[in-house]
Amino acid sequence: MKEFFDALETRAPAEREAALMAALARHVAHAQSHSAAMADILAGVDAAAVMSRAALARLPVTRKSELLARQQAARAAGGDAFGGFAAIGRGRAMRRVYASPGPIYEPEGAAADYWRTARALHAAGFLAGDLVHNAFSYHMTPGAFIVEAGALALGCTVFPAGTGQTEQQLQAIAELRPDGYLGTPSFLRILVEKAQEAGADLRSLRKALVSGEACPPSLRDWFAERGIAAYQTYATADCGLIAYETAAREGLMLDEGVIVEIVRPGTGDPVADGEVGEVVVTVLNPDYPLVRFGTGDLSAVLPGACPTGRTNTRIKGWLGRADQTAKVRGMFVHPGQVAEVLKRFPEVARARLVVSGAMANDQMTWRVEAAPAPGLAERFAEAVREVTKLRGEVELVAPGSLPNDGKVIEDARSYR
């Protein structure tokens, strides 16, 4: 087995960045001319000038809620089910359509390994000629097809097991003797435990690519103790592959076909490396040309170089969700409102709204990282009232003292 999937993985970082930024300008121009939704979102943007991360950061973030809203509006008007986001039409260019919760409808183009998952499978040890047991769902959503396309591109043979029917799946594994598993880590554990109870033979399974939910080190070690090397991958129906685990077992390596930013939740502002924020992805896919798509997932850049020799940026993996909207005294407070307050105070590094108390007795405390300054707490409280229409206490804390977990709103209320 060759060590790397291709030469892109070991490029000099400066070479990769130059190639991505050149591709970015072309991608923005393509999105403006081929996607009605992106043309509207990027109206007035000079695509040729978007050749740096600073220029990218000035573009609006499109979050899943907006994508859904645009699709719903278009469908209600009898228009495009994709809300203008797809750059291809039905026919040979579009092989399949999928439905994600919402529902959000998304296209699959005709390119081989459309979701770019062969790279992740290769890093997990999958080889041409392997038989893989695919236990992701083949029903409406693209999960099974996302990894199947990568497996086929590698030269693997796929058994489309889908979900459920545990006993039949165990029988198929015992009789077909697949080399690897694709699916959620929780279902793999169910299969292993059921096999132990029934005396079924799963010894052929020696590797796994898992996704769709968290796979903590304790569960990864549990699989390893039973002879299965499980690797995580981070992919979404909107973006395809975003990042994948390598043999180093240190975070997740970014895919070569995406530009990833980590931004402060509720904003489009990139955070410093190492700080937790929302994962925002620009997908260099001409068929579905998303620019600054907010995944709603939290992560952070992992510093340092990967011991495997891959040179791309690594992230810490999935660290939770960025949507921290809270209802306080009958009114919603959004992360974007926290950001709006912060913008009025350049002397404030970070802030967190802590909502505490019992039901019907909500208390708001704003913990604000800033050096002591006369009148700062009072001015901050007044800005909070203007933006949120709610009153709250302001507590000044030392810079760097707030947890680095990506939260700007913490709901600490008791619901007993």
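I took contact to mean heavy atoms within 4.5 Å. The model I am reading is predicted.

**Sheet.** I looked up the strand order first. The sheet is open and has four strands, ordered β20-β19-β18-β21. Its pairing is mixed. Neighbouring strands are turned by 20° against each other on average, direction ignored.

I then checked β18 against β19. Strand β18 covers residues 350-356 and β19 covers residues 363-369. They pair in the antiparallel sense over seven bridges. Which residue of β19 stands opposite L353? I noted W366.

**Helices on the sheet.** I went to α10 next. Helix α10 (residues 335-343) lies across β18, β19 and β21. It runs at about 135° to β18. Helix α11 (residues 376-388) lies across β18, β19 and β20. I read its angle to β19 as about 125°.

**Helix against helix.** How do the axes of α10 and α11 cross? They come within 10 Å and cross at roughly 140°. I therefore logged α10 as oblique to α11, since only angles over 145 degrees count as roughly antiparallel. The crossing of α10 and α11 is right-handed.

**Contact residues.** I listed the residues where the two helices meet. From α10 these are Q337, E340 and V341. From α11 they are F380, A383, V384, V387 and T388. By class, I have five nonpolar, two polar and one charged residues in the contact of α10 with α11.

How values were computed: Residues numbered from 1 in each chain as written. Predicted model: local features only at pLDDT ≥ 70, side-chain atom pairs only at ≥ 80, totals over all residues. Heavy atoms only, no water. Pairing = 2+ DSSP bridges. Axes fitted to C-alpha atoms, helices over the stretch in contact; angles between N-to-C directions. Parallel < 35°, antiparallel > 145°, perpendicular 65-115°, else oblique. Left-handed = near helix turned anticlockwise from the far one by under 90°. Nonpolar A, V, L, I, M, F, W, Y, C, P; charged D, E, K, R; others polar.
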